[in-house]
Amino acid sequence: MNDFTYHAPTSLDDALAALRGAEGGTLIAGGQSLLPIMKLNLAAPTDVVSLAGVAGLDGISDDGDSVTVGAMCTHAQVAGSAAVQGRIPALAAMADGIGDAQVRNAGTIGGSLAHNDPAADYPAACVALGATIVTDRREIASDDYFQGMFMTALEDDEIITAVRFPVPARAAYAKFANPASKYAVAGVMVADGPAGVRVAVTGASGDGVFRMAGMEAALGGSFSAEAVAGIGVSSDGMLSDTAAGAEYRAHLVAVMAKRAVEACG
Amino acid sequence: MPTVRMTVNGMERSGTVEGRTLLVDFLREHLGLTGTHVGCDTSQCGACVVHVNGSSVKSCTCLAVQADGADVTTIEGLANGADLHPMQEAFREHHGLQCGFCTPGMVMSAVDLANRDSDPSEHDVREWLEGNLCRCTGYHNIVKAVQAGARAMGGGS
Ligand SMILES: Cc1cc2nc3c(=O)[nH]c(=O)nc-3n(C[C@H](O)[C@H](O)[C@H](O)COP(=O)(O)OP(=O)(O)OC[C@H]3O[C@@H](n4cnc5c(N)ncnc54)[C@H](O)[C@@H]3O)c2cc1C
Ligand code: FES
Ligand code: FES
């Protein structure tokens, strides 16, 4: 790993100033994606700006129609939050299934969304639930936020401050996890919420999270596992790697979707 | 170069590090606490697990500067003199190790679980140890040891 200058700002303004003042600066939250990448020399920032001491990025609040999660909340905090467990249990369960206990103790929702790994779990939850990504300068709808593998709508110096999840009537997440990493080989979040019925898939496509319009329409008509059972999933554009080939992934998407609908009860 | 200060196993420690110095390297190379191991490059094996402010993290995936000001406990901080910690004792009693390479991380991870749940089921233990890999034991005795250790701890470390 190359050396870098470390910054530990205590305000958003100072974090932005440190980032803008650097030749090749990057933010660090929990470090659970950034540090593995830096160890492989796939990233070599000149400056690393920590968000750990920045005020106002923590906490989870139940706002009635929605639950707002601070960007620096760890996966363990989301999984263990009474507000999330009570209002959006599918989100708590999803966070509890990320990686392992130590990754969940350090990794954050903001870091996961900024990184946008095509096999990460949060993108499916955000798109299915119709979440809003709140940054230091604007609010971005999930549908506009995810822009392909490791690509997002964030500007170079933009900082996620929170994520707002509308409370759904029902939702569930089903994941076929890679046995080594626990990343999704195929993960499907189904939600019946204010934005209608949504089915979002992660892990399966090289372009990252996507919605299954055919399944959404079928579930809008009849919210049942039978409604999605007959819908074939095309292997076009599906990832093919050592964990699973494209055909198998397409099959897994159909199975996970059915399981998620069943789990909605 | 940055200076870091942290409480390690109850003692105030400090040192001058590089930005890129990992917490595990600070512990092993600066402080000589070589009980914490490094078993991989990919943040997956858990041999390096320590506690930072009471919860278990992978010290190979944490910068020393990120732990500045923190309260850190390593495997060396568990025993009370010659008296093994109940979780260490349980690993010995139930033969929860063979070569021992994974053991420091296993024990630190297990103590974090036991602090949250004093009577974890076999399923709970296996789920919790997802991030701790062992090449020797087949996990069976590790799981038994963690359950016994958690009960012996009785909800506190
Ligand atoms: C062994 C292992 C298993 C894993 N398994 C899974 C899994 O099953 N499912 C899953 O979804 N993920 C998994 N992960 C990834 C994990 O969830 C990471 O925690 C997460 O992807 C990154 O969060 P972080 O806080 O650690 O971010 P960091 O690693 O600190 O940062 C990641 C990126 O986001 C940027 N960033 C961080 N915070 C912000 C912010 N607030 N605003 C703007 N940019 C920001 C950083 O600049 C960096 O580019 C795994 C990781 C490991 C090591
Ligand atoms: S050394 Fe393998 S996870 Fe830290
Ligand atoms: S005892 Fe040898 S790796 Fe676990």
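Q: Contact means that heavy atoms lie within 4.5 Å; how many residues does the contact take from chain B and from chain A?
A: The contact takes 25 residues from chain B and 23 residues from chain A. The model is predicted, with local features needing pLDDT of at least 70 and side-chain atom pairs pLDDT 80 or more, while totals for chains, interfaces and linings use all residues. Residues are numbered from 1 along each chain as its sequence is written, chains are lettered from A and ligands numbered from 1 in written order, and side-chain values use heavy atoms, without hydrogens and water.

Q: How much area do chain B and chain A bury between them?
A: About 2,000 Å², of which 54% is on carbon and sulfur atoms. Buried area here is the accessible area (1.4 Å probe) that two parts lose on being put together, summed over both. Of the area that chain B buries against chain A, 28% comes from B:Arg20, B:Thr61 and B:Glu130, more than from any other three residues.

Q: What makes the pair A:Lys182 and B:Glu130 a salt bridge?
A: The term requires a side-chain nitrogen of Lys or Arg within 4 Å of a carboxyl oxygen of Asp or Glu. The N to O distance for A:Lys182 and B:Glu130 is 3.5 Å, so the pair qualifies. The count between chain B and chain A is 2 salt bridges.

Q: Why is the pair B:Glu130 and A:Lys182 said to join two chains?
A: B:Glu130 lies in the loop between helix 4 (122-128) and helix 5 (140-153) of chain B, and A:Lys182 in the loop between strand 9 (170-177) and strand 10 (184-193) of chain A, so the pair joins two chains. Helices (H or I, at least four residues) and strands (E, at least two) are DSSP runs, numbered from the N terminus.

Q: Why is B:Glu130 called partly exposed?
A: Buried means under 20% relative accessible area, exposed means over 50%, and partly exposed is in between (1.4 Å probe, protein chains only). B:Glu130 has 21%, so it counts as partly exposed. A:Lys182, at 25%, is partly exposed too.

Q: How do you know that B:Glu18 and B:Arg20 form a salt bridge?
A: The closest N and O atoms of B:Glu18 and B:Arg20 are 2.9 Å apart, so the pair meets the distance limit. B:Glu18 has a relative accessible area of 27% and is therefore partly exposed. B:Arg20, with 30%, is also partly exposed.

Q: What does the salt bridge of A:Asp157 and A:Arg20 tie together?
A: The closest N and O atoms of this pair are 2.7 Å apart. A:Asp157 lies in the loop between helix 9 (142-145) and strand 8 (160-166) of chain A and A:Arg20 in helix 1 (residues 12-21) of chain A, so the pair ties together parts that are 137 residues apart in sequence.

Q: Why is the site of ligand 1 called shared between chains?
A: Residues from chains A and B surround ligand 1, so the site belongs to both. A residue is near a molecule if one of its heavy atoms lies within 4 Å of it. In total 33 residues surround ligand 1, and the closest are A:Leu27, A:Gln32, A:Leu34, A:Thr108 and A:Lys182.

Q: Why is A:Ala204 called buried?
A: Its relative accessible area is 0%, so A:Ala204 counts as buried. A:Ala204 sits in the loop between strand 11 (196-202) and strand 12 (210-211) of chain A. Neighbours within four places in sequence aside, its contacts include A:Val185, A:Phe210 and A:Met238.

Methods. Contact = heavy atoms within 4.5 Å.
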